[in-house]
Amino acid sequence: MRLLVAVAAVVLAVAAPTWAAAPQSAVTRWGGGDWTVWRIDRLPADRGLTEYADIRLRAGDAVTLDAGGCISRTLVWLPGTAAPVPLAGALRRQTIIPASAGNDSRALRLGFAGARRECAGQPEGYVFVAVKRAEVVEVTPAPVDLVWEGTDVNAVALNPKWGLQVTNPGTLPDVGQICFSVPDYFENPLCSTQHPGIDTPTGLRRLICSIGTKSPIAGHVNWYPGTFEGPLYWDSLSFADRDNNVRLIPLEQNALTAQNPENIKGEFDSRETTNHFATPWWTSFRKAGTPGRKSLIDGKPSILYGFTSVDCEHHCVSELHPVWVLAIHVQDDPADDVWAVFMRNWGNEGFCSSAQHEVNWPGERFTLTLPWRVGAAAVELEGTTQFLANVEGISGRWADVPNEKVTLTFALPPPSDRARVHGELHLRWNGPTVGAGGGDGAPAAPSAWDEQGGEAEALVEDLLARLPPEKRQALDPQLGPSKSLLDAVPVVLQHGPVEEAGAPVVPPSVTSRPDPGRTAEDERRLRALLAAFRGRVPGPIGVALDREPEKP
């Protein structure tokens, strides 16, 4: 397990703490698992040291401190250290109480080295003290660190989990409760040590995404690329951002949260992907409505590679957004075994975002690893295999390792070229004991998926529904997506392993850039919709526009 060094308070991930102290007390305490956390309020304001008898430490204990408010002249004295030190210089790093503290517990002490007036007009200071006792000290991840036991052949995290799922098996993190209850949110090691990136919207989308949200971040928080496996299901096509939404049920609740405990949503903009797809299976998918798409993909084994993130406009549910690579086992037949695939190295994060996220693969290529069919002795590529791209310069290879795997590799130009490839891989399996497909045993899709946010998109769709039919029909040319050109550049697969100096040792990196083209198109569509109401926009969006001092 790749466990990044973290700090104590995995206990912040369980339900909101039960305060053990009386309300008038300056010290409150809660615990869970191996860690105990205290919060100290009403810090000392007089010279000298105050001893906190409830917080007792001994040699070998692990301690992490954090603080907020006015602490500029506050001192801390940990047992076994030579003298008090400024608290501000001791924050957010794990400290082991030295042997000189001895085995008898001693109290933590805080002091003040300034004058009362120095904190005048500033928020009152407070301190978090997180302690893990010596007998259980070990390197553990923070509750919202992304961790994994292994990688795929691209050095990408394979079926990763959150740190809390590792330290407290069976527990899913409530990301908002953990991270928004501490200073600096996702930069605080009581939440995560991995410094995730932030993608928030601009213009009208910023206004709409902020309506009703209880989160300080009305957008996406992004960790690392991840490869996830499991059965896939169709969810919806969003009008607001034109995203295809699918649900994947991971093998072991991988990267799920308390807000989406059953499945993880993958999202990919149809304007960037499926609107351009032209091979036979993808054409059927593109033209199908919801019932047709469900019949094409529901319950099919899939491999989904995307940006592992949480959407905090949507209650900090976890997502794979954008999806960069998708492979779906759409036909289970040894005589004609079919995988539908698309691949790209760029993509946006939907309505409540403003960036393009470009993934930089080692060697500028990505390899899908598909399972070997039980009982097969050999495999052949069927002539009906077809892949199409939108630009020249994309190459592809397939390879087989008997009794182990089949691989499919595409080399793409840099992400700035906005290249993509899609198609169907048809395999014919041979062997004396190869069996016919017997289904995959995946659970059936529910009659309705659990809600995982989407409030901003729902507000836009509500506006659209309020328009009289004749107005909506007149708006359709402005609100619909721009006309899409179908991809038409053939990509012929070569057979044989990819020549390489060795497996990549550096994982892919992600570069996030402003996306002015998509921002302008979405702004145009929204303004056309608002203009149809002739200055009297109804509902929450109208209220928000009236309150906005400067119109977006």
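## Disulfide pattern

Counting the bonded cysteines along the chain, the disulfides follow the pattern 1-2, 3-4, 5-8, 6-7, and the structure holds four of these links, a disulfide being a pair of cysteine sulfur atoms within 2.5 Å. The model is a predicted one, in which local features need pLDDT of at least 70 and side-chain atom pairs count only at pLDDT 80 or more, whereas totals for chains, interfaces and linings use all residues. Residues are numbered from 1 along each chain as its sequence is written, and side-chain values use heavy atoms, with hydrogens and water left out.

## The link of C70 and C119

A disulfide joins C70 to C119 with an S to S distance of 2.0 Å, and with -70° about the S-S bond this link is left-handed. C70 lies in the loop between strand 4 (62-68) and strand 5 (74-77), while C119 lies in the loop between strand 8 (106-112) and strand 9 (126-132), so the pair ties together parts that are 49 residues apart in sequence. Helices (H or I, at least four residues) and strands (E, at least two) are DSSP runs, numbered from the N terminus.

C70 counts as buried at 6% relative accessibility, whereas C119, with a relative accessible area of 21%, is partly exposed.

C209 is joined to C352 by a disulfide with an S to S distance of 2.0 Å, and the link of C209 and C352 is left-handed, with -100° about the S-S bond. Because C209 lies in helix 3 (residues 203-209) and C352 in the loop between strand 19 (337-344) and strand 20 (355-360), the pair ties together parts that are 143 residues apart in sequence. C209 is buried, with a relative accessible area of 0%, and C352 also counts as buried, at 2% relative accessibility.

C312 and C316 form a disulfide in which the sulfur atoms are 2.1 Å apart, and with 110° about the S-S bond this link is right-handed. Both C312 and C316 are buried.

## Packing of helix 6 and helix 8

The axes of helix 6 (residues 455-466) and helix 8 (residues 516-531) come within 10 Å and cross at roughly 40°. These axes are lines fitted to C-alpha atoms, for helices over the stretch in contact, and the angles run from 0 to 180 degrees between N-to-C directions. Helix 6 and helix 8 are therefore oblique to each other, given that angles under 35 degrees count as roughly parallel, over 145 as roughly antiparallel, 65 to 115 as roughly perpendicular and the rest as oblique.

The contact, meaning heavy atoms within 4.5 Å, is made by V460, L463 and L464 of helix 6 and by L526, L529 and L530 of helix 8. Its residues divide into six nonpolar, no polar and no charged, where Ala, Val, Leu, Ile, Met, Phe, Trp, Tyr, Cys and Pro count as nonpolar, Asp, Glu, Lys and Arg as charged, and the others, Gly among them, as polar.

## Surroundings of P98

P98 is found in the loop between strand 7 (95-96) and strand 8, and is partly exposed, with a relative accessible area of 29%. Leaving aside its neighbours within four places in sequence, P98 is in contact with A59, P79, G80 and T81. The C-alpha atoms of P98 and G80 are separated by 5.7 Å, although these residues are 18 residues apart along the chain.

Technical notes: Buried means under 20% relative accessible area, exposed over 50%, partly exposed in between (1.4 Å probe, protein chains only).
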